[in-house]
Amino acid sequence: MAAKIIAVVNQKGGSGKTTVSMQLAGALARRSNKVLVVDADPQGTATRWAASALDETPFPASVVGLSAASTKVHREVKKFIDDYNYIIIDCPPAADSPIPQSALLIADLALVPLIPSPLDMWAAVGIRQVIQNVGDLNDALHSRLILNQCQPKTTLTQESLEILPEFGILLARTQIQHRQIYRHSAVFGQSVHNFGSKAQAAIAEIESLTEEVLEILSMKQDNS
Ligand SMILES: Nc1ncnc2c1ncn2[C@@H]1O[C@H](COP(=O)(O)OP(=O)(O)OP(=O)(O)O)[C@@H](O)[C@H]1O
Ligand SMILES: [Mg+2]
């Protein structure tokens with residue numbers, strides 16, 4: 001097996017990269033896949049997330065820290081490619097870091113979590129150029145924006161909707177709402193699946209995202 005590789009990128013800090021990485025990793029692992037999260041962020045948030053799990057219920061995916069590999073992240077990740085079904089690379093927020101570019105070089109899918117507020121969106125528009133540049137070298141690269149921390153009962157502001165096309169990246173069907181359970185699951189080192197009925201809505205979102213990701217990864221290469 002050669003692992004499918006998902007790079008979670010956005011130079012804007014706090015948009016939900018680690019949250020999307022770990023929830024997706026948890027969901028894929030629960031489906032009997034071997035999943036590796038590559039913590040490519042020197043902040044080490046994904047590593048700490050997994051380390052917060054109790055011994056009785058370890059986080060279901062492996063996490064390896066590779067931020068020190070810098071421009072060579074793609075080479076380091078390739079070493080794991082035959083041992084996993086999915087490799088998810090949680091990238092750092094720095095715009096000037098070589099890590100997102102390196103990760104995108106070998107990725108099948110770029111996921112860009114985005115908070116739908118004008119300030120966050122303006123700060124994130126630059127990721128488009130990064131993905132486009134790498135797309136010239138990596139024909140296999142699909143990409144999707146994922147709206148995260150959406151507020152229930154409020155529609156996106158007109159201003160947010162106006163900025164969306166500037167990303168030139170397809171929008172995922174699944175939106176992730178702002179929910180406390182996402183913070184809790186980080187604190188307890190788990191994905192939302194471990195929190196039972198109180199996490200039902202979050203579990204549904206993450207399962208929907210997982211289905212969508214699997215659909216995209218099974219698509220023929222058409223550069224979308
Ligand atoms: N849908 C959500 N609902 C509630 N809280 C969320 C949600 N998504 C993320 N958060 C919280 O927002 C904060 C930032 O999320 P996260 O760490 O995933 O972002 P990030 O993009 O990885 O940040 P960084 O750029 O620093 O790596 C965290 O405290 C996280 O628990
Ligand atoms: Mg992070």
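Guide: A nonpolar core here is a set of buried Ala, Val, Leu, Ile, Met, Phe, Trp, Tyr and Cys residues joined through side-chain atoms within 4.5 Å. Buried means under 20% relative accessible area, exposed over 50%, and partly exposed in between, with a 1.4 Å probe and protein chains only. Before we dig in: this is a predicted model, where local features need pLDDT of at least 70 and side-chain atom pairs count only at pLDDT 80 or more, while totals for chains, interfaces and linings use all residues. Residues are numbered from 1 along each chain as its sequence is written, chains are lettered from A and ligands numbered from 1 in the order in which they are written, and side-chain values use heavy atoms, with hydrogens and water left out.

Now, the largest nonpolar core has 37 residues, and V77, I87, I89, L104, I131 and F167 touch the most other members. Helix α6, residues 127-137, supplies the largest share of this core, at four residues; helices are DSSP runs of H or I, at least four residues, and strands are runs of E, at least two, numbered from the N terminus. There's also a second, separate core of 34 residues, with A29, V35, I146 and L209 among them.

Let's zoom in on I89. Skipping neighbours within four places in sequence, I89 is in contact (heavy atoms within 4.5 Å) with I5, I6, A7, V8, V38, A40, V77, A103 and I106.

As for cysteines, C91 is buried at a relative accessible area of 1%, and C150 is buried too, at 7%. The structure holds zero disulfides, a disulfide being a pair of cysteine sulfur atoms within 2.5 Å.
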